[in-house]
Amino acid sequence: MKNYRKSILLYLLLVASMFNSLKAQETGDEDNLQIESATLGYIENFFENNFEEMSFYLHHELAKRGISKKRGVEEYYFENLSMEKLKNMLASKKALSKQDQINQVEILDVFRNTASVKLTTGYPGRMKWIEYIHLVKVEGKWKIANIMWDYFPMKPKNRRK
């Protein structure tokens, strides 16, 4: 019985290593670099308010949605940010230079022409959020098709009494 379990375990390890090898071949380093580059190109230009450059990394049918909260209101709501709203937001907010940005990209999965990424970002000392991003490879280029964001809880401010 021990040899049988040992054989099954070795078989499962062999299958797992073959799967990992195929996955590594499918998603080469070049794809990973392009995925990270597209993600950073999007967020860096978002903070720098450069809509034209940012849109280069976005699929024309982008869906950007998230959980938001209005100032002074306790309830959260689901917000859909169209390209037009996104463009208007960038035109009205204060820019944050690249050297002041903290953007952490984690590639979660890549399968053929799709990828999932977790981006941790925000305004240092003010607010921080996570964006789950889906990318598609179209005509040899990785483009962001979906973005879903949610904010980290805000730290309560110390109030004087």
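Predicted model: local features only at pLDDT ≥ 70, side-chain atom pairs only at ≥ 80, totals over all residues.
A residue counts as buried when its relative accessible area is under 20%. Tyr123, with a relative accessible area of 12%, is therefore buried.

**Overall architecture**

The protein chain has 4 helices and 6 strands. Read from the N terminus, these elements follow the order α-α-α-β-β-α-β-β-β-β. The chain comprises 161 residues, and 30% of them count as buried. Among contacts between residues at least 6 apart in sequence, 54% join residues at least 24 apart. The accessible surface of the protein chain comes to about 11,800 Å², and carbon and sulfur atoms account for 54% of that surface.

**Aromatic pairs and the cluster**

The count of aromatic pairs comes to 7. One of them is formed by Phe47 and Tyr123, an edge-to-face pair with 5.0 Å centre to centre and 85° between the planes. Phe47 lies in helix H2 and Tyr123 in strand E4 (residues 114–123), so this pair ties together parts that are 76 residues apart in sequence. Both Phe47 and Tyr123 are buried. Tyr123 also pairs with Trp129: the ring centres are 5.9 Å apart and the planes stand at 55°, so the pair is tilted. Trp129 has a relative accessibility of 5% and therefore counts as buried.

Phe47, Tyr123 and Trp129 belong to one aromatic cluster that also includes Tyr42, Phe46 and Tyr151. Phe46 has a charged neighbour as well: Lys93 lies over the face of its ring, at 4.6 Å from the ring centre. A further arrangement of this kind involves Phe56, with Lys143 over the face of the ring at 4.3 Å from its centre.

**Surroundings of Thr120**

Thr120 is likewise found in strand E4. Its relative accessibility is 12%, so Thr120 counts as buried. Leaving aside residues up to four places away in sequence, Thr120 touches Ile102, Asn103, Gln104, Lys128, Trp129, Ile130 and Phe152. Trp129, one of these contacts, is also a member of the aromatic cluster. Thr120 and Trp149 are 29 residues apart in sequence, and their C-alpha atoms are 9.6 Å apart in space.

**Salt bridges**

The model contains 3 salt bridges.

| Pair | N to O distance |
|---|---|
| Lys137 and Asp31 | 2.9 Å |
| Glu44 and Lys98 | 3.6 Å |
| Glu131 and Lys64 | 3.4 Å |

The salt bridge between Lys137 and Asp31, with its closest N and O atoms 2.9 Å apart, links distant parts of the chain: Lys137 is in strand E5 and Asp31 in helix H2 (residues 29–47), 106 residues apart. Lys137 has a relative accessibility of 27% and counts as partly exposed, whereas Asp31 is buried, with a relative accessible area of 11%.

The second bridge joins Glu44 to Lys98. Glu44 lies in helix H2, while Lys98 is in the loop between helix H4 (83–92) and strand E3 (104–111), so the pair ties together parts that are 54 residues apart in sequence. Glu44 is buried at a relative accessible area of 19%, a value that falls under the 20% limit. Lys98, at 44% relative accessibility, counts as partly exposed.

Glu131 lies in strand E5 and Lys64 in strand E1 (residues 58–69), so the pair ties together parts that are 67 residues apart in sequence. Both partners fall in the buried class: Glu131 has a relative accessibility of 1%, and Lys64 has a relative accessible area of 4%.

**A nonpolar surface patch**

Strand E5 (residues 127–138) also holds Tyr132. Tyr132 is partly exposed, with a relative accessible area of 42%. Together with Phe78, Leu108 and Met148, Tyr132 forms a nonpolar patch on the surface, and the accessible area of the four residues is about 390 Å² together.

Definitions and conventions:
Residues numbered from 1 in each chain as written. Heavy atoms only, no water. Patch = residues over 30% accessible without salt bridge, like charges linked within 9 Å, V, L, I, M, F, W, Y side chains within 5 Å. Areas by Shrake-Rupley, 256 points an atom, 1.4 Å probe, with all protein chains shown as cover. Salt bridge = Lys/Arg side-chain N within 4 Å of Asp/Glu carboxyl O. Helix = DSSP H or I, 4+ residues; strand = E, 2+ residues; numbered from the N terminus. Buried < 20%, exposed > 50% of the residue type's maximum accessible area, 1.4 Å probe, protein only. Contact = heavy atoms within 4.5 Å. Phe/Tyr/Trp six-rings, centres within 6.5 Å; stacked < 30°, edge-to-face > 60°. Lys NZ or Arg CZ within 6 Å of the ring centre and 35° of its normal.
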